[in-house]
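Q: Could we go through this structure together? I would like to know what can be read from it.
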Amino acid sequence: MNRIRSGLAAAAGKITYRLLRLTGRQGSTLPGVVSLKLDPGFLAAGAQDRRIICVTGTNGKTTTTSVLTSLLAALTPDSRPPASNAFGANMDSGL
């Protein structure tokens, strides 16, 4: 049941993201809000069996995260791609 719920939440988030792009908007948190409303455990489910890297600081977090994501994707082409938020949103809904 939880996998189904998480899958539906992910699909709803992706559809919301695509609709935002079609309307010319760039909001990065609304898809997360939708996913978390449908499944409050969505982030926990997505983090299962993954290693997590947290980037903190005052300046440069988005750039550092982007570089790390690119490097990890290049170093592990046969495994699951890294999950990251390219827009730098750092609240639950942006993750």
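Predicted model: local features only at pLDDT ≥ 70, side-chain atom pairs only at ≥ 80, totals over all residues.

Q: Where is Leu8 placed?
A: Leu8 lies in helix 1, which covers residues 2-22.

Q: And how far apart are the C-alpha atoms of Leu8 and Gly41?
A: Their C-alpha atoms are separated by 12 Å, while along the chain the two residues are 33 residues apart.

Q: Let us step back. How many helices and strands does the chain have?
A: There are 4 helices and 0 strands.

Q: What box do the C-alpha atoms fill?
A: Taken along the principal axes, the box is roughly 30 × 30 × 25 Å. The chain has 95 residues, and 16% of them count as buried. Its accessible surface comes to about 7,400 Å², and carbon and sulfur atoms account for 59% of that.

Q: What about contacts between residues at least 6 apart in sequence?
A: Of those contacts, 59% join residues at least 24 apart.

Q: Back to helix 1. What distance does it reach from its first C-alpha to its last?
A: Helix 1 reaches 30 Å with its 21 residues, which is close to the 30 Å expected at 1.5 Å a residue.

Q: Which residues of helix 1 are buried?
A: Ser6, Ala9, Ala12, Gly13, Thr16 and Leu20 are buried. Seen down the axis of helix 1, the buried residues fall within an arc of 125°, so they line one face of the helix.

Q: What covers them?
A: The cover over the buried residues of helix 1 includes helix 2 (30-38) and helix 3 (42-47).

Q: Which exposed residues are on the face turned away from the buried side?
A: That face of helix 1 carries Arg3, Ile4, Leu8, Lys14, Ile15, Arg18 and Leu22. Leu22 is exposed, with a relative accessible area of 74%.

Q: Which residues form a nonpolar patch on the surface?
A: Ile15, Leu19 and Leu22 form that patch, and together they have about 350 Å² of accessible area.

Q: What follows helix 1?
A: Helix 1 is followed by Gly24, whose phi is positive, near 80°.

Q: Which residue other than glycine has a positive phi near 65°?
A: That residue is Asp49. As a general point, most residues other than glycine have a negative phi.

Q: Where is Asp49, and is it buried or exposed?
A: Asp49 is in the loop between helix 3 and helix 4, the latter spanning 61-75. Asp49 counts as exposed, because its relative accessibility is 76% and the cut-off for exposed is over 50%.

Definitions and conventions
Residues numbered from 1 in each chain as written. Heavy atoms only, no water. Helix = DSSP H or I, 4+ residues; strand = E, 2+ residues; numbered from the N terminus. Patch = residues over 30% accessible without salt bridge, like charges linked within 9 Å, V, L, I, M, F, W, Y side chains within 5 Å. Areas by Shrake-Rupley, 256 points an atom, 1.4 Å probe, with all protein chains shown as cover. Salt bridge = Lys/Arg side-chain N within 4 Å of Asp/Glu carboxyl O. Buried < 20%, exposed > 50% of the residue type's maximum accessible area, 1.4 Å probe, protein only. Expected span 1.5 Å × (residues − 1). Arc of directions from axis to C-beta. Contact = heavy atoms within 4.5 Å.
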